[in-house]
Amino acid sequence: MSFLDLLIPPPLVALLAAAAMWGATLVAPSASGPSFRVPLAIVLAIAGLALSTSGRLAFRNAKTSANPLKPQAATSLVVAGIYKATRNPMYVGLALVLVGWAVFLWSAWALLGPVGFVAYIARFQIAPEERALALLFGEEYSAYKSRVRPWL
């Protein structure tokens with residue numbers, strides 16, 4: 001276990017990535033993007049917010065903890081709704097919002113933000129969550145894990 005495991009809330013990780021992406025555009029500005037850049041960025045951000053919200057609502061409907069820093073507090077394994085398509089819709093949603101932000105910024109350097117976010121979340125958030133869920137739900141979680149992808 002690393003000291004970074006479950007340390008920083010994923011929305012804060014996404015916010016830090018977004019700030020770093022913006023900072024990268026100040027250091028290495030890009031040319032103006034194509035006319036579809038802003039609408040595409042908006043569509044990606046809305047899709048990301050919808051995914052994250054649907055994941056959060058599924059937790060609320062299951063009446064279980066959605067605290068990403070305490071996965072051991074889960075009282076039920078959520079496998080319905082969006083969780084039939086991905087084990088981590090809230091993180092996929094945040095990643096999509098970051099991709100939308102990268103499109104808006106229109107900088108190749110900004111693309112490092114979503115990549116860094118996914119790498120960090122996979123190692124320091126998802127891996128410890130999966131260990132906790134395996135301990136809590138055993139075979140039920142193993143079966144779920146074998147049929148549903150972690151991302152998309």
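Contact here means heavy atoms within 4.5 Å. The model is predicted, so to read it: local features need pLDDT of at least 70, side-chain atom pairs count only at pLDDT 80 or more, and totals for chains, interfaces and linings use all residues. Residues are numbered from 1 along each chain as its sequence is written, and side-chain values use heavy atoms, with hydrogens and water left out.

I will start with Glu 129. Glu 129 sits in helix H4, residues 112-147 (helices are DSSP runs of H or I, at least four residues, numbered from the N terminus). Leaving aside neighbours within four places in sequence, Glu 129 is in contact with Leu 6, Pro 68, Pro 71, Asn 88 and Tyr 91. Glu 129 is buried but has no salt bridge, and Arg 87, the nearest side chain of opposite charge, is 8.5 Å away. Buried means under 20% relative accessible area, exposed over 50%, and partly exposed in between, with a 1.4 Å probe and protein chains only. A salt bridge is a side-chain nitrogen of Lys or Arg within 4 Å of a carboxyl oxygen of Asp or Glu. For charge, Lys and Arg count as positive and Asp and Glu as negative; His and the chain ends are not counted.

Next, the salt bridges. The whole structure has four. One joins the side chains of Arg 131 and Asp 5, at 3.1 Å, N to O. Arg 131 is in helix H4 and Asp 5 in the segment before H1, so this pair ties together parts 126 residues apart in sequence. Arg 131 is partly exposed, at 42% relative accessible area, whereas Asp 5 is buried, at 7%.

Arg 87 forms another with Glu 130, with the closest N and O atoms 2.6 Å apart. That pair links Arg 87, in the loop between H2 and H3, to Glu 130 in helix H4, 43 residues apart. Both residues are buried, Glu 130 with a relative accessible area of 15%. Glu 130 also forms a salt bridge with Lys 145, the closest N and O atoms being 3.6 Å apart. Lys 145 is partly exposed, at 37% relative accessibility.

Last, Phe 104. This residue is in helix H3, residues 89-105, and is partly exposed, at 36% relative accessible area. Beyond neighbours within four places in sequence, Phe 104 is in contact with Arg 37, Val 38 and Ala 41. From Phe 104 to Leu 4 is 100 residues in sequence and 30 Å in space, C-alpha to C-alpha.

Technical notes: Helices (H or I, at least four residues) and strands (E, at least two) are DSSP runs, numbered from the N terminus.
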